[in-house]
Amino acid sequence: MSQALIIRHAGQLLTLRGPAEPRRGRNLQDVGLISNGSVLIRDGAIEAAGAADEIERLPLARNAEEMDARGRVVMPGFVDSHTHLVYAAPRLLDYEMRLRGADYHQIAEAGGGIESSMRALRAAAPEDLEARARRLIETFARHGTTTVEAKSGYGLDEHAELKTLVVLGVVDGQPLDIVPTYLGAHVVPPEYAGGPDAYVDWICAEMLPRIRRQRLASFADIYCDRGAFTLEQSRRYLLAAKQLGFGLKLHAEQFTHSGATEIAVELGAVSADHLEQADANDAALLARSQTIATLLPGSVFHLGLDRYPPARMLIEAGAAVALATDCNPGTSPSCSMPMIVSLACAQMRMSPAEALCAATVNGAHALGRAGRVGTLEPGKVADILILDAEDYREIPYHFGMNLVATTMKHGVVVYQQGRVVDTVAEENAGDGR
Ligand code: NIG
Ligand code: FE
């Protein structure tokens, strides 16, 4: 017997239905809104989503278990396509240094930055990394994320990078889907200081083939910027990764304009991420490609900078824009896609509809998973949110607030909003004892 569930009478059902390609231009504005909509789920997959009266008439709906979403927004789970979720400790010293005026590169030169995360991760026991990752994954689920990409890149030697990727494999599916990416080329580790090319040679010759053989990562990523890797090194690394069958991602044009977007498009990368410094030429290149422009406004916000990625220019040129948290201890310590959606609207002038498309279906495209997640269409996985909101525009409007009431993964509730304890009432009850 198959298991059926119906989510009934959503005030606003956002199906995100539409073309199978990445959403761009006017298509980015279409959230597939149905007023008074229902979703029918069979064995963890979407059977049908549409107007409540049509869905109610389906034979499967008759004996289905019911959830009432009356007056609420129902939408697909967020697909967070760029995070660095395995790390050993927050970087609170960096944070305070920055508040006193130091910038990202000065902090790194003073012994903080990515290298301090590397030292902490190398020293950490796998069980501790796993426990911390699990707590973070719960926080993702509470904020409505159902699929999370996660990068290595705080290990930077063989043992610590493999330790990170193994943790990602262990937590995958518990309960969120984790998409692993190898970011061995995050920065040059101290063992190779003065010899970055030798480091790139080593990761190309040893690490990439090994990770591929052991199926520890689907994507390979590189940080192409000042203080990290050059354009030539990035090209060499990405070509090696491509030959081995990895999907490609890049940290591109974050602090300086390096030209990384050009090689992303040339090599058919699935996404070029950050793009704070992207120019009109980059936008035109992305528009003519299948490479997703993944914007990470959380890192600009947390670093206290004012140059957000040029979302309007990218969208108007025709690039397919996605949004992600970049959750990491250095530049964006947040799991909240709703907050990212708020930043996208307030700081980058995306409309709420564009931001939600970018945070769901285009995020799925940035992970090559658009056939499975990102929309509520028949056959897709039932990764669904019920929000404590009557209108989807409330999601960005109430910045820093979490309106997620229920998160469902594969048709199973994995998070349900808790209640606020009424302490006055409880104290009174205590008095009477
Ligand atoms: O995406 N800039 C490179 N990587 C990360 C930051 C990593 C860190 O500072 O720990 C980013 O912003
Ligand atoms: Fe990043």
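Before clicking, note that this is a predicted model, where local features need pLDDT of at least 70, side-chain atom pairs count only at pLDDT 80 or more, and totals for chains, interfaces and linings use all residues. Residues are numbered from 1 along each chain as its sequence is written, chains are lettered from A and ligands numbered from 1 in the order in which they are written, and side-chain values use heavy atoms, with hydrogens and water left out.

Start with His251, which is buried at 3% relative accessibility (buried means under 20% relative accessible area, exposed over 50%, partly exposed in between; 1.4 Å probe, protein chains only).

Now select the iron ion (ligand 2): His251 coordinates it through NE2, along with His82 (NE2), His84 (NE2) and Asp326 (OD), at 2.1 to 2.4 Å. Donors here are N, O and S atoms within 2.8 Å of the metal (3.2 Å for Na, K and Ca); water is not among the atoms, so sites may look incomplete. His84 sits in the loop between strand S6 (78–80) and helix H3 (92–99) and His251 in strand S10 (residues 247–252), so the pair ties together parts 167 residues apart in sequence. Helices (H or I, at least four residues) and strands (E, at least two) are DSSP runs, numbered from the N terminus. His84 is buried too, at 2%.

Next, jump to Pro175, in the loop between helix H7 (158–171) and strand S8 (177–185). A cis peptide bond links Gln174 to Pro175, with omega about -5 degrees.

Last stop: Leu275, with a positive phi near 70 degrees and a relative accessible area of 0%.
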